[in-house]
Amino acid sequence: MKKFYLTTPIYYINDIPHIGHTCTTVAADIIARLHRKTGEEVFFLTGTDEHGQKVAEVAEKEGLSPKDYCDKISPRFSETWKVLNISYDFFIRTTDQRHEKVVGELLQKIYDKGDVYKAKYEGWYCIGCEKFLTETDLVDGHCPLHSAEKTVKKSEENWFFKLSKYIPQIIKLIENNTSNYIFPESKKSEVLAKLKAGINDISLSRENVSWGIPLPWDKNQTVYVWFDALINYYSATQFLENKKEFWPADLHILGKEILWFHTVIWQAMLLSAEIKLPVKTYIHSFYMIDGQKMSKSLGNVISPSQLIDLFGVDGTRYLVARSFPTENDADVGIDRFKEKYNADLANNLGNLVSRVCKLGEGLKINNQEVIIDNKYKILINNLKFDEAIGWVFENYIDKSNNRLNEVTPWKLEINDPKRIEILTECAQNLKIAATYLESIMPETSKKILDQLDKEIKGLESGLFPRIK
Ligand code: MSP
């Protein structure tokens, strides 16, 4: 059986899940489900990133020890994903001792290779990003992604990783199209340009952050949270029984703000430790909320539970997929979601299901298995969910509703062959559509397919009530 290993970023737990985390996780789930459906053995990993200064600070504010704080917040993520029907195979926490052990081993390999040295570092650090900023990163003297007080001056002795040593090799990998590991294309050029501008080494440890994994060769320092976090993708495959053969990962999915860590630093760490490189990294853009950056201070954060309350689990998954910020930032908002939900699900798909099931009750339909077209698989694998769903609607759902409007079977006698023919044809199209949409709306698709199993069954209530 072909194996397929995919990951989401592991989310920081200084915050609870929002629509940004939801979008990446739903995207990964859609891909995982499609790969399982087409017969592959899938390992789908997600989790929480729990060490570092940022988490330690939030825990302190809440009057909890960092570990107690993590134990309290991490389930907010795993439980949200369960409600959203996310079919992850394992939920990793970086405070898991098994992960910590692999981190120590991998860093030791880098150390043994001679790729580590001690040096003093002085510079601006953004606690929000958990990274040092260069002068060119600063906007108005602070990190553009976080508030001014998150940018602090730091001066400490750290252990450094010889990132620069691996840059020529990474440039070659990116330029050599057989590897092709950065998607989409635009991100590849962005990374290349930055690599060619010259890269400094990066510190891999922290002197004054106690909430972290101690360095194996210097217990006075902890592993820099990003080195710890990136290793999760590898460590899960090492400490879990029967998952070893899933490495290297086939697909890392992540947002654009953490592209550098994944496409450069992570690759260099693996090259140094002589571990195989992940096959493909897919970088998506961001959700904007009604034209603005989503932020707590603007009070415009959309939570997954807000969406689930309004649109149900499958409605939420659908809306996220339809608005997914593949290459460009996508503007979303509750009102627009409502419109889309009503137009696509209540009026279009929902209406087709009601019409077919009410008018066609009892009609036999053929039981042939629906084979998923390669074109659809390619679109999904490239995170082009809107296009993929659009294709299904156009070819099977809109088409059927239009045909029903033309033929008006409700005006024909019950035994009229024309009525039987059109309803059977629409039921068949609906069956195809539901099979395609299964990875996006698993429960709804299953309901539709059950309605159409061997014969059309009557429907007691509609699938998608209109929302005001
Ligand atoms: N902990 C690090 C990742 C370590 S991975 C080895 C981290 N965590 S995070 O909680 O900040 O999550 C970042 C990810 O959440 C983004 O890369 C993206 O996948 C998702 N999103 C967060 N905000 C988003 C939007 N506004 N829009 C879309 N996705 C966004 O970074």
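**View 1. Helix H4 crosses helix H8**. The axes of H4 (residues 97–112) and H8 (residues 232–239) come within 9 Å and cross at roughly 110°. That makes H4 roughly perpendicular to H8 (65 to 115 degrees counts as roughly perpendicular). The model is predicted: local features need pLDDT of at least 70, side-chain atom pairs count only at pLDDT 80 or more, and totals for chains, interfaces and linings use all residues. Residues are numbered from 1 along each chain as its sequence is written, and side-chain values use heavy atoms, without hydrogens and water. Arg98, His99, Val102 and Leu106 of H4 meet Asn232, Tyr234, Ser235, Gln238 and Phe239 of H8 (contact: heavy atoms within 4.5 Å). By class, this contact has four nonpolar, four polar and one charged residue.

**View 2. Helix H1 packs with helix H10**. H1 (residues 19–37) and H10 (residues 304–322) pack at an angle of about 45°, with axes 10 Å apart. From H1, Ile19, Thr22, Cys23, Val26, Asp29, Ile30 and Arg33 take part. Their partners in H10 are Pro304, Leu307, Arg317, Val320 and Ala321. The contact holds eight nonpolar, one polar and three charged residues.

**View 3. Residues around the ligand**. Of 24 residues around the ligand (a heavy atom within 4 Å), Ile10, Thr24, Asp49, Gly255 and Tyr287 come nearest. A polar side-chain atom of Thr24 lies 2.6 Å from a ligand oxygen. An N or O atom in the Asp49 side chain is 2.7 Å from a ligand nitrogen. A polar backbone atom of Gly255 sits 2.9 Å from an oxygen atom of the ligand.

Notes: Axes are lines fitted to C-alpha atoms, for helices over the stretch in contact, and angles run from 0 to 180 degrees between N-to-C directions. Helices (H or I, at least four residues) and strands (E, at least two) are DSSP runs, numbered from the N terminus. Ala, Val, Leu, Ile, Met, Phe, Trp, Tyr, Cys and Pro count as nonpolar, Asp, Glu, Lys and Arg as charged, and the others, Gly among them, as polar. A polar contact is a pair of N or O atoms within 3.5 Å; within protein, one must be able to donate a hydrogen and the other to accept it, and residues adjacent in sequence count only if both atoms are side-chain atoms. Angles under 35 degrees count as roughly parallel, over 145 as roughly antiparallel, 65 to 115 as roughly perpendicular and the rest as oblique.
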